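Here are my notes on this one, written as I went through it. Have the viewer open while you read.

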Amino acid sequence: LVIDEADRILEQGFEDDMRGILKSLPKEGRQTMLFSATQTNKVEDLARLSIQKSAIYVEVANETKLATAAGLEQGYITCPSDKRFLLLFTFLKKNRKKKIM
């Protein structure tokens, strides 16, 4: 189970939906990853419900002045919705040998 943007999901009022999803999934043998930009009380509650006690907590130090790691390039392109897939496909094809995420 991957829960990305957990803080945003909860802000949008999907707390009951998330609890329902968690209750319907088996606990045994499940790997759960929860990602959140902020650590609110609601996110902590969701983490307690969804993640086992042997969880690994990873956080970014707040002392960092840079938002982007050194050497990492960021960028974006705006395009019409109907061209997104074609643009992504073309970009990935042209940059096949580069490390892209």
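1. A quick definition before the side chains come up: buried means under 20% relative accessible area, exposed means over 50%, and partly exposed is anything in between. Phe-89, with a relative accessible area of 46%, is therefore partly exposed.

2. Keep in mind that this is a predicted model. Mean pLDDT for the protein chain comes out at 82, with 89% of the residues at 70 or more. Among the chain's elements, helix 4 (residues 84-94) has the highest mean pLDDT, 91. The lowest, 83, belongs to helix 3 (residues 41-50).

3. Is Phe-85 buried or exposed? Its relative accessibility is 66%, so Phe-85 counts as exposed.

4. Elsewhere, have a look at the nonpolar patch on the surface, formed by Val-2, Met-33 and Phe-35. Together these residues have about 260 Å² of accessible area. Phe-35 is in the loop that runs between strand 2 (33-34) and helix 3. With a relative accessibility of 41%, Phe-35 counts as partly exposed.

Key
Residues are numbered from 1 along each chain as its sequence is written. This is a predicted model: local features need pLDDT of at least 70, side-chain atom pairs count only at pLDDT 80 or more; totals for chains, interfaces and linings use all residues. Side-chain values use heavy atoms; hydrogens and water are left out. pLDDT is the predictor's confidence in each residue, from 0 to 100. Helices (H or I, at least four residues) and strands (E, at least two) are DSSP runs, numbered from the N terminus. Buried means under 20% relative accessible area, exposed over 50%, partly exposed in between (1.4 Å probe, protein chains only). Patches are made of residues with over 30% relative accessible area and no salt bridge: like charges are joined within 9 Å, nonpolar side chains (Val, Leu, Ile, Met, Phe, Trp, Tyr) within 5 Å. Accessible areas come from the Shrake-Rupley method with a 1.4 Å probe; for residues, only the protein chains shown count as cover. A salt bridge is a side-chain nitrogen of Lys or Arg within 4 Å of a carboxyl oxygen of Asp or Glu.
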